[in-house]
Amino acid sequence: MANLIPLGILAAIKKLLSWSAVSFSGLGTTGDRTFRGAGYADLANAKYFGFGANSGGVASNVYLYSTDAASWSSGTLPASKTWGKSATNGTRLVVVSQSSDTVGAYTDNGTTWTSTTILGTAANMYDILWDGTRFLVVANNASANLAHSTDGVTWTRIDIGDPGLCIGYDGSSRYIYGQGVGAATATCRTTTSNPTVVGNWSNLTMPATGRWLQFMYTNNRWLAISATSTTAYYSDNGTTWTATTLPTSITDDSANETSARGLAYNGRFYVALGGATGNVTIYSSSDTITWDTEAALTGVGTDLTVINGWAAGPSTVVGFGLDDTADGSNGAIVGIR
Amino acid sequence: MRYEIKDNAVYGYAPTQVEPILYQPNHPDGSAWANDDDAKAWADAWLAHMADPENNAFPSSRS
């Protein structure tokens with residue numbers, strides 16, 4: 001007789017993460033941050049990182065870090081910026097400035113940082129990824145909107161389209177560059193060849209206009225999210241898309257063009273939807289069609305209104321975002337597998 | 001921009017690529033098309049949205 005798994009256990013298996021609020025209260029007012037990005041890198045002194053500005057949204061040189069996502073410390077970056085998204089090549093973490101700037105910073109141990117000039121002309125750098133060969137930085141710059149570097153130190157800038165909001169990569173061939181800074185568009189850009197060659201990029205027409213915040217890929221499927229929409233789009237090839245209704249609306253932190261960054265993790269997509277204090281919930285899906293409730297953020301004691309970045313470790317993820325009450329205690333949430 | 005309805009799905013096409021930019025086998029909320037007219041009504045609203053980005057009225061479900 002085959003071993004049968006009771007339906008109740010099957011239902012429980014779908015919900016992969018347990019969630020709780022992260023407390024930075026031990027850091028006092030230093031823990032009072034407006035997070036714009038996050039990152040995970042297995043470095044000697046730090047693994048989980050939260051980046052952003054101070055509680056009033058003012059540029060800061062402070063970031064938060066932890067080796068276990070439970071005990072947190074504050075560290076110092078080379079300059080006061082609105083620090084945002086980050087990416088790692090496994091031995092180096094690079095973080096970019098989200099406010100108009102030319103510089104980013106990198107670290108090899110998690111606590112000692114070096115400034116690096118990424119752009120020639122100041123612009124907001126909204127996204128960064130490591131594709132296995134190079135870092136790619138997206139900027140809202142009309143003429144130098146994609147910067148690339150193999151080491152995070154020396155950068156080359158190219159113009160692949162309109163000012164950019166995000167970049168996604170399927171891990172093997174396709175890159176998608178999201179557009180729609182300031183005004184909705186149906187036109188994004190894509191390539192299945194070397195992304196550092198301008199001529200390799202071509203238009204990708206999405207089946208809706210939007211400000212395309214994120215293109216995520218996992219479980220052989222892309223998920224595209226645009227601002228202030230209850231409709232997302234999924235694709236198995238990156239060129240033909242199907243509309244899918246989200247449980248509720250995406251939050252648009254339009255003042256900062258960061259908004260509501262989802263997470264592709266361990267074969268599932270995670271998105272925080274709702275957008276108002278007391279009304280934000282994290283949902284997950286393996287197919288972008290059926291969504292499971294992971295956690296209502298108020299239920300785990302946070303005041304988050306949006307999650308702007310995720311530090312995704314091997315079995316623990318930390319979502320960092322905007323704490324409506326700016327009390328320093330509830331700007332992040334941790335999920336454990 | 002144009003669409004076709006075949007095999008109970010809406011296929012949307014743009015001048016920019018040969019393959020469809022849209023494949024919609026049901027309402028975005030997962031509910032099935034009631035019939036071809038139901039799919040056509042949704043597709044017409046989609047086309048209107050693509051022609052005018054300010055027109056964001058195309059429904060995600062029948063209700």
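How many bridges join E20(A) to E21(A)? In this predicted model, the two strands run antiparallel and are joined by four bridges. One position in that pairing can be picked out: A:Ala232 stands opposite A:Thr244, a residue of E21(A).

The pair E20 and E21 belongs to an open sheet of four strands in chain A, whose order is E18-E19-E20-E21 and whose pairing is antiparallel. The edges of this sheet are taken by strand E18 (212-218) and E21 of chain A; each has a single partner strand, so one side of each is left without a neighbour in the sheet. From one strand to the next, the twist averages 30°.

A salt bridge also involves this part of chain A. Side chains of opposite charge can pair when their charged atoms come close. Here the side chains of A:Asp236 and A:Arg221 form such a bridge, at 2.8 Å from N to O. A:Asp236 lies in the loop between strand E20 (231-235) and strand E21 (242-245) of chain A, while A:Arg221 lies in strand E19 (residues 221-226) of chain A; the pair is 15 residues apart and links distant parts of the chain. Over all chains, the count comes to nine salt bridges.

Chain A holds another open sheet of four strands, with the order E2-E3-E4-E5 and antiparallel pairing. At its edges stand strand E2 (33-40) and strand E5 (73-81) of chain A, and because each has a single partner strand, one side of each is left without a neighbour in the sheet. The twist in this sheet averages 25° from one strand to the next. Within it, strand E4 (residues 60-66) of chain A is joined to E5(A) by five bridges, and these two strands run antiparallel. A:Tyr63 stands opposite A:Gly75 of E5(A).

Which residues of chain B lose the most area to chain A? The size of an interface is often given as the accessible area lost when the parts come together. Between chain B and chain A the buried area is about 1300 Å², and carbon and sulfur atoms give 52% of this. On the side of chain B, the residues losing the most area to chain A are B:Ile21, B:Pro28 and B:Met50, which together make up 30% of what that side buries.

In terms of contacts, 18 residues of chain B touch 16 residues of chain A. The count of salt bridges between chain B and chain A is zero, but 11 residue pairs are in polar contact across the interface, with both residues at pLDDT 80 or more. Strand E3 (22-24) and helix H1 (36-51) of chain B are the elements that give two or more residues to the side touching chain A. The residues on that side of chain B divide into 11 nonpolar, five polar and two charged.

Notes
Residues are numbered from 1 along each chain as its sequence is written. Chains are lettered from A and ligands numbered from 1 in the order in which they are written. This is a predicted model: local features need pLDDT of at least 70, side-chain atom pairs count only at pLDDT 80 or more; totals for chains, interfaces and linings use all residues. Side-chain values use heavy atoms; hydrogens and water are left out. Contact means heavy atoms within 4.5 Å. Buried area is the accessible area (1.4 Å probe) that two parts lose on being put together, summed over both. A salt bridge is a side-chain nitrogen of Lys or Arg within 4 Å of a carboxyl oxygen of Asp or Glu. A polar contact is a pair of N or O atoms within 3.5 Å; within protein, one must be able to donate a hydrogen and the other to accept it, and residues adjacent in sequence count only if both atoms are side-chain atoms. Ala, Val, Leu, Ile, Met, Phe, Trp, Tyr, Cys and Pro count as nonpolar, Asp, Glu, Lys and Arg as charged, and the others, Gly among them, as polar. Two strands pair if DSSP finds at least two bridges between them. Axes are lines fitted to C-alpha atoms, for helices over the stretch in contact, and angles run from 0 to 180 degrees between N-to-C directions.
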